[in-house]
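Please look through the sequence and the model shown here before reading on. The paragraphs that follow begin with strand pairing and then turn to the core, the charged pairs and one loop.

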Amino acid sequence: QVQLVESGGGLVQAGGSLRLSCAASGRTFSSYVMGWFRQAPGKEREFVGRISWSGGSVVYHDSVKGRFTISRDNAKNTVWLQMNSLKPEDTAVYYCAARVTTALQYDYWGQGTQVTVSS
């Protein structure tokens with residue numbers, strides 16, 4: 001079992017930055033692929049990016065490439081989403097999620113944190 005708690009959301013002006021954190025419980029955090037997702041009002045949840053268990057492989061959605069950075073520290077059981085050059089269309093509830101390396105679906109989800117970007 002893995003429990004995930006996101007933090008760091010808030011209101012920011014366009015062009016600004018935010019850093020989201022996702023703290024995980026459980027001793028097997030280092031074995032999980034960690035993903036970030038977001039869901040805007042009236043839209044389906046979409047993939048933002050994911051980082052491998054080692055941190056050696058990171059994948060991003062095209063819409064955030066070059067602006068967002070995912071990192072992790074397995075010793076701290078934490079994964080971060082650094083968001084720069086934010087746009088109003090980045091406004092959404094952001095979720096972190098975890099899955100084992102061999103799984104296709106994410107089994108564990110946080111409660112989400114709201115990010116609002118004003119124009």
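**Strands, core and charged pairs**

Arg 72 has Val 79 in β8 as its bridge partner, and this pair belongs to the antiparallel arrangement in which β7 (68–73) and β8 (78–83) are joined by 6 bridges. Strands here are DSSP runs of E of at least two residues, numbered from the N terminus, and two of them are said to pair if DSSP finds at least two bridges between them. The model is a predicted one, in which local features need pLDDT of at least 70 and side-chain atom pairs count only at pLDDT 80 or more, whereas totals for chains, interfaces and linings use all residues. Residues are numbered from 1 along each chain as its sequence is written, and side-chain values use heavy atoms, with hydrogens and water left out.

The β7–β8 pair is part of an open sheet of 4 strands, ordered β1-β3-β8-β7 and paired in the antiparallel sense. Its edge strands are β1 (4–7) and β7, each of which pairs on one side only, and the twist from one strand to the next averages 15 degrees, where axes are lines fitted to C-alpha atoms and angles run from 0 to 180 degrees between N-to-C directions. Between β1 and β3 there are 4 bridges, with Glu 6 standing opposite Cys 22 in β3; on the way to β8, β3 forms 6 antiparallel bridges, and Ser 21 has Trp 80 in β8 as its bridge partner. Strand β3 is largely enclosed by the rest of the structure, because 5 of its 7 residues are buried (buried means under 20% relative accessible area, exposed over 50%, and partly exposed in between, with a 1.4 Å probe and protein chains only).

How many residues make up the largest nonpolar core? This core has 29 residues, and those with the most contacts inside it are Leu 4, Met 34, Trp 36, Leu 81, Met 83 and Tyr 94; a nonpolar core is a set of buried Ala, Val, Leu, Ile, Met, Phe, Trp, Tyr and Cys residues joined through side-chain atoms within 4.5 Å. At least two residues of the core come from each of β3 (18–24), β4 (32–39), β5 (46–51), β7, β8, β9 and β11 (113–118). If residues up to four places away in sequence are not counted, Tyr 94 touches several residues, including Glu 6, Leu 20, Arg 38, Phe 68 and Val 115, where contact means heavy atoms within 4.5 Å.

Side chains of opposite charge can pair when their charged atoms come close. The whole structure holds 4 salt bridges, each defined as a side-chain nitrogen of Lys or Arg within 4 Å of a carboxyl oxygen of Asp or Glu. One of them joins Asp 90 to Arg 67 at 2.7 Å, N to O, and this pair links distant parts of the chain, with Asp 90 in the loop between β8 and β9 (92–100) and Arg 67 in the loop between β6 (58–60) and β7, 23 residues apart. Asp 90 is buried because its relative accessible area is 1%, and Arg 67 also counts as buried, at 10%. Salt bridges that share partners join Arg 38, Glu 46, Arg 67 and Asp 90 into one network. Within it, Glu 46 and Arg 38 meet at 2.5 Å, N to O; Arg 38 is buried at 6%, while Glu 46 is partly exposed at 29%.

Finally, the loop between β7 and β8 contains Ala 75, which counts as exposed because its relative accessibility is 76%. The C-alpha atoms of Ala 75 and Ser 30 are separated by 8.2 Å, although the two residues lie 45 residues apart along the chain.
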